[in-house]
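Hi,

Here is the structure I promised to pass on to you. Have a look at it first, and my notes follow below.

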Amino acid sequence: MPQMKKLLVAAFAASLALASQAFAHAHLKSAVPATDGTVKEAPSELDLTFTEGLNLKFSGVSVTGPDKVTVKTGEAMLMKSDTTLMIPITDKLATGKYIVEWHVLSTDGHKTNGTYSFTVAP
Ligand SMILES: [Cu+2]
C-alpha cells in the first residue's frame, strides 16, 4: 500500500515539525541567582538566560519578596545575543524567599512564562 505509506510518512513528518516548533519557544535555561538557589549576598540584578532570543518590549519579570511585597526593579536589558534578560534590582533585598514570575516573547513570536524562587540567606 504505497499510498498509505506516503500518508504515514507525511503525518510523521508533520508531527516532527510541530514538536520542533514547540521546542523553539524560549524556555528558561538558567538564572542568577539560580532557580531554587540560596545566595548569601543580596543580588543587585537578576540574569535569566533563555533557550531563544527575546523581544525586550514584551519580556519582563515581577519579583515578590517576603510578606508578598513587590520588589522594585529597574529597566530590563538584553545581553548575550538577546537570550539573557538582565533586570536590575533597585531595592536592597532583605533575607527571605523571593518569587520571580517571568514572561517573555521569543523572536519566533511565541510567548512563554514561568515562576521560580530563590532565597537570600541571613
Ligand atoms: Cu516558539
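Let me begin with Asp82, which sits in the loop between β5 and β6. Its phi is positive, at about 65°, although Asp82 is not a glycine. One thing to keep in mind while you read: this is a predicted model. Asp82 counts as partly exposed, with 37% relative accessibility. The loop between β5 (77–79) and β6 (84–88) also holds Ser81. Ser81 is another non-glycine residue with a positive phi, near 55°. At 68% relative accessibility, Ser81 is exposed, because the cut-off for that class is over 50%.

One more backbone detail might interest you. The peptide bond that joins Val32 and Pro33 is cis, with omega about -5°. Pro33 belongs to the loop between β1 and β2.

Now to the metal. Which protein atoms are the donors of the copper ion? They are ND1 of His25, OD of Asp108 and ND1 of His110, at 1.9 to 2.2 Å from the ion. Along the sequence, the spacing of these donor residues reads H-x82-D-x1-H. As for solvent, His110 has a relative accessible area of 27% and is partly exposed. That value falls in the middle class because buried means under 20% and exposed means over 50%.

Next, the sheet. Four strands make up an open sheet with mixed pairing, in the order β2-β8-β7-β4. The edge positions belong to β2 (38–39) and β4 (60–64); each has a single partner strand, so one side of each lacks a neighbour in the sheet. Between β4 and β7 the pairing is antiparallel and runs over five bridges. Within that pairing, Thr64 has Ile99 of β7 as its bridge partner.

In strand β7 you will find Glu101. Is Glu101 buried or partly exposed? It is partly exposed, with a relative accessibility of 40%. Leaving aside residues up to four places away in sequence, Glu101 touches Gly60, Val61, Ser62, Thr64, Gly114 and Thr115. Glu101 and Tyr116 are separated by 15 residues in sequence, and their C-alpha atoms are 6.7 Å apart.

The other residue is Thr38, in strand β2. Thr38 has a relative accessible area of 57% and is exposed. With residues up to four places away in sequence again left out, Thr38 touches Thr119 and Ala121. From Thr38 to Gly96 the C-alpha distance is 9.5 Å, for a separation of 58 residues in sequence.

Finally, a word on the surface. Met4, Leu7 and Leu8 come together in a nonpolar surface patch, and their accessible area together is about 320 Å². Leu7 is part of helix α1, and with a relative accessible area of 55% Leu7 is exposed.

Best wishes

Note on methods
Residues are numbered from 1 along each chain as its sequence is written. This is a predicted model: local features need pLDDT of at least 70, side-chain atom pairs count only at pLDDT 80 or more; totals for chains, interfaces and linings use all residues. Side-chain values use heavy atoms; hydrogens and water are left out. Donors are N, O and S atoms within 2.8 Å of the metal (3.2 Å for Na, K and Ca); water is not among the atoms, so sites may look incomplete. Buried means under 20% relative accessible area, exposed over 50%, partly exposed in between (1.4 Å probe, protein chains only). Two strands pair if DSSP finds at least two bridges between them. Helices (H or I, at least four residues) and strands (E, at least two) are DSSP runs, numbered from the N terminus. Contact means heavy atoms within 4.5 Å. Patches are made of residues with over 30% relative accessible area and no salt bridge: like charges are joined within 9 Å, nonpolar side chains (Val, Leu, Ile, Met, Phe, Trp, Tyr) within 5 Å. Accessible areas come from the Shrake-Rupley method with a 1.4 Å probe; for residues, only the protein chains shown count as cover. A salt bridge is a side-chain nitrogen of Lys or Arg within 4 Å of a carboxyl oxygen of Asp or Glu.
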